[in-house]
Amino acid sequence: MRAVVVEEFGTPEVLRLREQPEPVPGPGQVTITTAYAGVNFAEILGRSNGYRVSSLPFVPGLEAAGLVRAAGEGVTELQVGQPVVALLSGGGYAETALAEAAQTFAVPQGLELREAAALPSVLPTAYALIHHAGRLRAGESLLVQGAAGGVGSALGQVARIAGASRIYGVVSHPDKVKYALELGYDEVFVGTDFDRQLAEATGGRGVDLALDSVGGDTWQRSVASLARYGRAVAFGNAGGAAPWTATFADLAPKALSVSAFSILGLAAADPAALRALTTAAFALAATEGVRLPVTAEFPLAEAAEAHRLVESRSSTGKLLLAVNP
Ligand SMILES: NC(=O)c1ccc[n+]([C@@H]2O[C@H](COP(=O)([O-])OP(=O)(O)OC[C@H]3O[C@@H](n4cnc5c(N)ncnc54)[C@H](OP(=O)(O)O)[C@@H]3O)[C@@H](O)[C@H]2O)c1
């Protein structure tokens with residue numbers, strides 16, 4: 001089979017198309033003939049600095065949609081030929097992907113494989129951030145970093161359905177504002193002085209929930225932007241800064257809470273909880289019309305182009321690799 005292989009960490013050029021042996025499903029696993037593979041920020045970190053990569057060479061790709069190709073021993077709920085989407089521990093940038101059956105799901109009702117390929121990582125993450133880690137209650141306000149990106153595109157919609165009173169987003173460029181406003185955000189701030197703009201918009205009150213995927217100084221200022229009893233959830237470190245740690249003095253005056261979420265951490269620690277989370281999140285796609293707009297699609301051989309686009313910070317929504325569309 002053809003697969004994109006990383007043999008050394010580095011710039012997008014290290015993504016090379018190679019012939020690879022096809023994976024064979026072990027007990028509790030399936031293989032999927034990949035139609036589309038999602039492109040995630042975590043894969044860019046994996047390619048450039050080895051984030052969540054156990055050894056070289058490796059095939060990146062944390063999510064895929066396609067048809068079940070073969071089922072391993074003990075797999076009874078998935079049938080060969082069935083259209084599915086899966087959250088993977090890698091290997092999505094390939095003509096055949098290996099998946100745990102527990103992390104493989106029927107395509108949500110009403111969706112094509114192409115739309116479904118955009119969901120397995122970002123939609124359950126958005127659902128967990130709003131409902132579990134962030135515990136958003138109807139009538140509360142929130143602030144989201146990277147509002148026009150993959151997870152950001154889902155967060156505006158999921159927060160709206162959850163009854164948020166006011167949804168503020170942050171983006172790096174004015175070109176992204178209109179896109180985010182169409183996906184559930186009420187107001188979108190551009191640039192690093194988002195905390196000043198938020199203070200102005202809320203009359204100094206701040207928000208009940210802040211969701212941060214950038215880290216460093218942005219995380220610190222997200223926490224400082226909370227209203228009394230507010231919660232902040234870290235879910236990424238796109239800025240690459242050294243972690244900032246909240247102290248008693250940062251949190252106590254307004255009784256703030258901070259937490260963190262990782263979907264890959266959840267998948268490793270508690271597959272049943274991941275399954276329940278994904279089922280609840282996918283129901284929003286099937287019944288509430290939540291969609292992740294696919295804004296660009298690349299052939300497998302051009303995976304490097306997809307990575308360059310995300311790294312340029314000019315992408316919006318979700319990017320896919322059309323492997324076998
Ligand atoms: N914890 C989890 O379970 C989980 C799951 C999925 C994703 N994530 C995290 O959520 C974030 C979004 O992931 P995604 O896959 O959906 O990617 P994405 O949003 O499509 O792309 C990355 C986003 O990060 C923002 N960004 C901020 N600083 C950046 C920098 N220095 N370089 C590049 N981008 C930067 C960009 O928005 P602006 O340019 O507008 O700032 C862009 O929207 C990432 O941090 C990712 O690691 C976490």
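In this predicted model, the centres of domain 1 and domain 2 are 28 Å apart, taken over C-alpha atoms. The two domains are in contact through 16 residues from domain 1 and 13 residues from domain 2.

**Domains**

- The domain assignment gives domain 1 as residues 2-118 + 293-322.
- Domain 2 is assigned to residues 122-264.

**Two helices in contact**

- Two packed helices are described by the angle between their axes and the distance between the axes.
- Here, the axes of α1 and helix α11 (residues 303-311) come within 10 Å, and they cross at roughly 105 degrees.
- Angles of 65 to 115 degrees count as roughly perpendicular, and α1 and α11 are therefore roughly perpendicular to each other.
- On the α1 side, the contact is made by F41, E43, I44 and R47.
- On the α11 side, the residues in contact are H307, V310 and E311.
- Sorted by class, the contact of α1 with α11 comprises 3 nonpolar, 1 polar and 3 charged residues.

**The second largest pocket**

- Rolling a probe the size of a water molecule over the atoms shows where empty space is left.
- The second largest pocket holds about 680 Å³ of space.
- Its lining consists of 34 residues, and those nearest the centre of the pocket are L62, L88, S89, G90 and G91.
- Which element supplies the largest share of the lining of the second largest pocket? That element is β6, with 5 residues.
- By class, the lining of the second largest pocket has 20 nonpolar, 11 polar and 3 charged residues.

**Backbone geometry**

- Most residues other than glycine have a negative phi, and most peptide bonds are trans.
- The peptide bond from L56 to P57 is cis, and its omega is near -10 degrees.
- P57 is placed in the loop between α1 and β4 (63-71).
- R135 is not a glycine, yet its phi is positive, at about 45 degrees.
- The position of R135 is in the loop between α3 (122-133) and β8 (141-145).

Technical notes
Residues are numbered from 1 along each chain as its sequence is written. This is a predicted model: local features need pLDDT of at least 70, side-chain atom pairs count only at pLDDT 80 or more; totals for chains, interfaces and linings use all residues. Side-chain values use heavy atoms; hydrogens and water are left out. On a 1 Å grid over the protein atoms alone, a cavity is a set of points where a 1.4 Å probe fits but cannot get out, and a pocket is an open set with protein on both sides within 12 Å along at least five of seven lines; lining residues have an atom within 4 Å of a point. Grid points are joined across faces, edges and corners, and a volume is the space filled by probe spheres set on the points. Helices (H or I, at least four residues) and strands (E, at least two) are DSSP runs, numbered from the N terminus. Ala, Val, Leu, Ile, Met, Phe, Trp, Tyr, Cys and Pro count as nonpolar, Asp, Glu, Lys and Arg as charged, and the others, Gly among them, as polar. Axes are lines fitted to C-alpha atoms, for helices over the stretch in contact, and angles run from 0 to 180 degrees between N-to-C directions. Angles under 35 degrees count as roughly parallel, over 145 as roughly antiparallel, 65 to 115 as roughly perpendicular and the rest as oblique. Contact means heavy atoms within 4.5 Å. Domain bounds come from an automatic or database domain assignment.
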